Amino acid sequence: MSTEKQPIVETGRIKRTDEIVNAIKETIMAENLTPGDRLPQEKDLIERYSASKSTVREALKSLEVQGLIKTKTGPGGGAFIDSMTESRAMSLLSNYLFTRDISIADIYTLRKLLEPVVAVSAIDNIDSAGFQKLYDTIAIYDHEPVDEEERWKQRMAELDFHTVVASYSDNVLLVFICHFLQRLLKDLAVCKDIYLKPEPVERRQGIDYQYQLIDAMRRKDATKVKEIMEAHMDYAEQAMLTLQTTLQERFLSEDR
């Protein structure tokens with residue numbers, strides 16, 4: 001990495017820190033640094049950006065919070081490029097949405113658009129191991145649960161089916177968005193209420209859609225894959241909204 005000074009115009013401490021953060025990001029991209037590569041030592045960064053020790057440390061802390069670097073202390077320590085996991089990225093995005101009012105209908109507005117697209121994009125990549133994962137996932141919820149713990153696991157596995165399908169797409173952005181929507185359905189408070197209540201869940205239709213989807217993907221029939229997933233998402237949305245209404249009516253009845 002070049003040691004040439006890269007002065008940054010002082011525009012206030014916060015802005016200056018942000019500019020250093022952006023400059024380091026640009027250097028990481030320009031020099032194709034990968035996870036495990038070391039950033040220059042703190043004193044070198046201070047010189048390069050003509051910044052104070054506290055400003056550089058604040059910039060490094062910001063990068064660490066973002067999950068882009070990790071710091072180690074002691075001999076051989078320093079700042080190293082890190083690889084942010086999908087789970088970490090989703091946690092950060094979830095924090096942004098934490099105080100927003102997200103509804104089941106909001107999530108399905110996107111799922112109905114994107115799940116058919118991601119399934120079609122996975123057709124050419126999914127292999128026999130992928131199809132087996134789908135069959136194994138269905139086996140988790142193709143029967144009535146024996147207790148609340150199994151009921152919860154089954155509801156999570158129903159979403160995991162779509163996580164597996166999406167994981168075989170080569171569109172990284174599409175995969176992330178679909179996985180994030182699936183995670184929202186696991187984490188959203190109203191969804192957890194639905195999953196935890198012992199309401200009977202009719203899974204036959206949903207499972208039938210999933211078997212049809214697997215068959216169409218095996219045949220690489222993109223038109224059919226899209227058609228089946230569209231119908232599946234419409235059905236899934238209505239099932240969730242119906243369960244939500246049932247719980248709300250029961251709550252009002254018990255309150256009265």
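**Helix 4.** I began with the length of helix 4 (residues 86–97): its 12 residues should span 16 Å at 1.5 Å a residue, and its end C-alpha atoms are 17 Å apart, which agrees. The expected span is 1.5 Å times one less than the number of residues. Helices here are DSSP runs of H or I with at least four residues, numbered from the N terminus.

I noted that this is a predicted model, in which local features need pLDDT of at least 70, side-chain atom pairs count only at pLDDT 80 or more, and totals for chains, interfaces and linings use all residues. Residues are numbered from 1 along each chain as its sequence is written, and side-chain values use heavy atoms, with hydrogens and water left out.

I then looked up burial in helix 4 and found Ala89, Met90, Ser94 and Leu97 buried (under 20% relative accessible area, with a 1.4 Å probe and protein chains only). These residues cover an arc of only 140 degrees around the axis, so they lie on the same side of helix 4. The arc is taken from the directions from the helix axis to the C-beta atoms. The buried residues of helix 4 pack against helix 8 (172–187).

**Helix 3.** I checked helix 3 (residues 53–65) next: its 13 residues reach 18 Å from first C-alpha to last, close to the 18 Å expected at 1.5 Å a residue. Thr55, Val56, Ala59, Leu60 and Leu63 are buried in helix 3. They cover an arc of only 135 degrees around the axis, which puts them on the same side of helix 3. Just after helix 3, I found Gly67 with a positive phi of about 85 degrees.

I looked at Leu60 by itself and read a relative accessible area of 12%. Apart from neighbours within four places in sequence, Leu60 is in contact (heavy atoms within 4.5 Å) with Ile24, Leu39, Leu45, Ile69 and Ala79. The C-alpha atoms of Leu60 and Leu39 are separated by 10.0 Å, and the two residues are 21 residues apart along the chain.

**Helices 5 and 7.** I looked up how helix 5 (residues 104–122) packs with helix 7 (residues 148–167): the angle is about 50 degrees and the axes are 8 Å apart. Arg111, Glu115, Val118, Ala119 and Ala122 in helix 5 meet Leu159, His162, Val165 and Ala166 in helix 7.

**Glu237.** I finished with Glu237, which lies in helix 11 (residues 222–255). Glu237 is buried, with a relative accessible area of 8%. Not counting residues up to four places away in sequence, Glu237 touches Ala105, Tyr108 and Lys112.

Methods
Axes fitted to C-alpha atoms, helices over the stretch in contact; angles between N-to-C directions. Helix = DSSP H or I, 4+ residues; strand = E, 2+ residues; numbered from the N terminus. Buried < 20%, exposed > 50% of the residue type's maximum accessible area, 1.4 Å probe, protein only.
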